[in-house]
Amino acid sequence: MTIKKAKQIKIIPLGGVAESGKNMYVVEVDDELFILDAGLMFPEDELLGIDVVIPDFRYLEENKERVKAIFLSHGHEDAIGALPYLLQKVKAPVYGTELTIELAKSSVKEYKKVRFKNFQVIDEDSVVPFGKASVRFFKTTHTIPDSVGIVVDTSEGAIVYTGDFKIDQSAKDGYETSLSAVADIGESGVLALLSDSSEAEHAGTTSSDSEIEEEVRHAFRTAEGRIIVACVASNVIRLQQVLDASAATKRKVVIIGKELERVVEITRRLDKLVVDDDLIIPAKEMKKYKDHEITVIETGNLGEPIQSLQQMTKGNHPQLNIKAGDTVYITTTPSPSLETMMAKTIDMLYRAGARVLTMSRNLFISGHGSQDDLKLLLNLLKPTYFIPVHGEYRMLISHAKLAYSVGIPKTNVFVAGKGDVVEYKAGKMTMGNRVYAGNTLIDGLGVGDVGNIVLRDRKLLSEDGIFIVVVTLNRKSKSIISGPEIISRGFIYVRESEHLIEESAKVVSKIVLDNLQENEFEWAKLKQDIRDKLNRYLFEQTKRRPMILPIIMEV
């Protein structure tokens, strides 16, 4: 197949750089635009009440007629989670491996606003032709089967996107990396490499899953009562290891969590998860078995198991609660933002009488390649230009240094931010202009309707509470008919602060009466005066600044 000559190539990260997750990268070859992954990110602590964060699609909306296809590297939320929202704005065929497409279909189906059926299944032998480019794939190792790297072939050379990957020489079928295919891609010429940087700070290699499997089996052999396994729903390799260990120790398995049930159902149907028919039982049948005959695999909302464990320790979980004699096996490695929550959860588990196991500190558990893995890939692909992606900024810098160490010139390495345009034109790659790229916050059914002002208000409410002032007045008689009535939540304990409430009411009364005496009465000025003067008074008395809401009514 002949690929038409390209005048200009652009690579634009719309997510996945200087942050953990939310992968989305755009490759433009003249007028043809290709989207690589459409992921979401779970919110940091300061995003109060936000469920998930997705990329802002403004640039893609503006260029939707040029979008030729969406390619997905694997089935985790950081690669497919934003797809239902993207397909509302951009209609283009979605390509991915069998499992990735089934998980993507399931995700889109749950989002009622989208009706989309143009999903295309590919494998490592597929080639998808376009005018100025063609796209092919290579198998990679990750914690979910059917993961692939994506190669966009152009007349100027290949643009390679690794997706999430690690190198595991003893990986099982469905998880192995096709190193021969990677070497062939390198020999054919790689213009630019976009490579996973999540573990670029970790020296050496990432532990093989065969070592982790032995660790899991040992934990099961030493447990006496029920085993409750906390596992991220989409970590299919860990699910397989837990199921195998349960079968080996003659335990029945109970699945708890809708997301986990969904993943297990899809992976079993596609034979990506090997399970005996009678191994998994419904939760209601647990009572038929003795404690040492039961394994429970649990995960929480959106695949997060730690909060769900906390519910179990408090006796608040609808299906299962922790009791003395249970072994709780936490098989997930927390992100830095969750380490404090993890420590608190483990303490709560011990208080509930459980034995707690975590993954061995002797193993480096991750689905992402460490420094030796990353250098091996760089040496096999031999890219002319390198763009580290998927990681916090310090991880991108660390990965860039690895590229220097294997001989890539510093001038050929681009640490791009969200919206930066890395442009190849006239035989040279440079950092070009920027396009708009930001975050869209998802809160319940609301998409992008929560911004900085709402978050600021939520933060204020969480820190100092709210102080509501209700007054009814008569402008004709220039008098207060009722009130001021003071309602406070999260600011003070009202019964022990009656004097403060009374004095606050006097302050408000004076402000209202002073405003009523003025020739030109303005509602906005009255409310602002109440906010300003009452805020000053309350701060003098308490050193706190609650949110003040004046409610003024007229009769």
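Predicted model: local features only at pLDDT ≥ 70, side-chain atom pairs only at ≥ 80, totals over all residues.
**Entry 1: the annotated positions**

I started with the UniProt record. The entry is unreviewed, and it puts the feature "binding site" at Asp 78, Asp 164 and His 390. I then looked up how far apart these sit. They span 313 residues of sequence, yet they cluster in space, with a largest C-alpha distance of 9.7 Å.

**Entry 2: Asp 164**

I found Asp 164 in the loop between β11 (157–161) and α5 (179–188). Is Asp 164 buried or exposed? Its relative accessible area is 1%, under the 20% cut-off, so I logged Asp 164 as buried. Next I listed what Asp 164 touches, skipping residues up to four places away in sequence. Two of the other annotated positions turn up there, Asp 78 and His 390. The list also has the histidines His 74, His 142 and His 368, along with Asn 23, Thr 140, Thr 141 and Asp 196.

**Entry 3: Leu 103**

I moved on to Leu 103, which lies in helix α4 (residues 98–110). Leu 103 has 3% relative accessibility, so I put it down as buried. Setting aside neighbours within four places in sequence, I get contacts from Leu 103 to Gly 75, Ile 80, Ile 144, Arg 262, Val 263 and Ile 266.

**Entry 4: α4 against α8**

I noted the crossing as right-handed. From α4, I have Leu 99, Glu 102, Leu 103, Ser 106, Ser 107 and Glu 110 meeting Arg 262, Val 263, Ile 266, Thr 267 and Arg 269 of α8. By class, I get four nonpolar, three polar and four charged residues in this contact.

**Entry 5: α14 against α15**

Last, I looked up helix α14 (residues 498–517) and helix α15 (residues 523–542), with axes that come within 10 Å and cross at roughly 150°. This angle makes α14 roughly antiparallel to α15. I noted a right-handed crossing here. The residues that meet include Leu 500, Val 507 and Ile 511 of α14, and Leu 526, Ile 530 and Tyr 537 of α15. I logged the contact of α14 with α15 as ten nonpolar, four polar and four charged residues.

Notes:
Residues numbered from 1 in each chain as written. Heavy atoms only, no water. Axes fitted to C-alpha atoms, helices over the stretch in contact; angles between N-to-C directions. Helix = DSSP H or I, 4+ residues; strand = E, 2+ residues; numbered from the N terminus. Parallel < 35°, antiparallel > 145°, perpendicular 65-115°, else oblique. Left-handed = near helix turned anticlockwise from the far one by under 90°. Contact = heavy atoms within 4.5 Å. Nonpolar A, V, L, I, M, F, W, Y, C, P; charged D, E, K, R; others polar. Buried < 20%, exposed > 50% of the residue type's maximum accessible area, 1.4 Å probe, protein only. UniProt positions renumbered as here; feature names shortened; annotations may be inferred.
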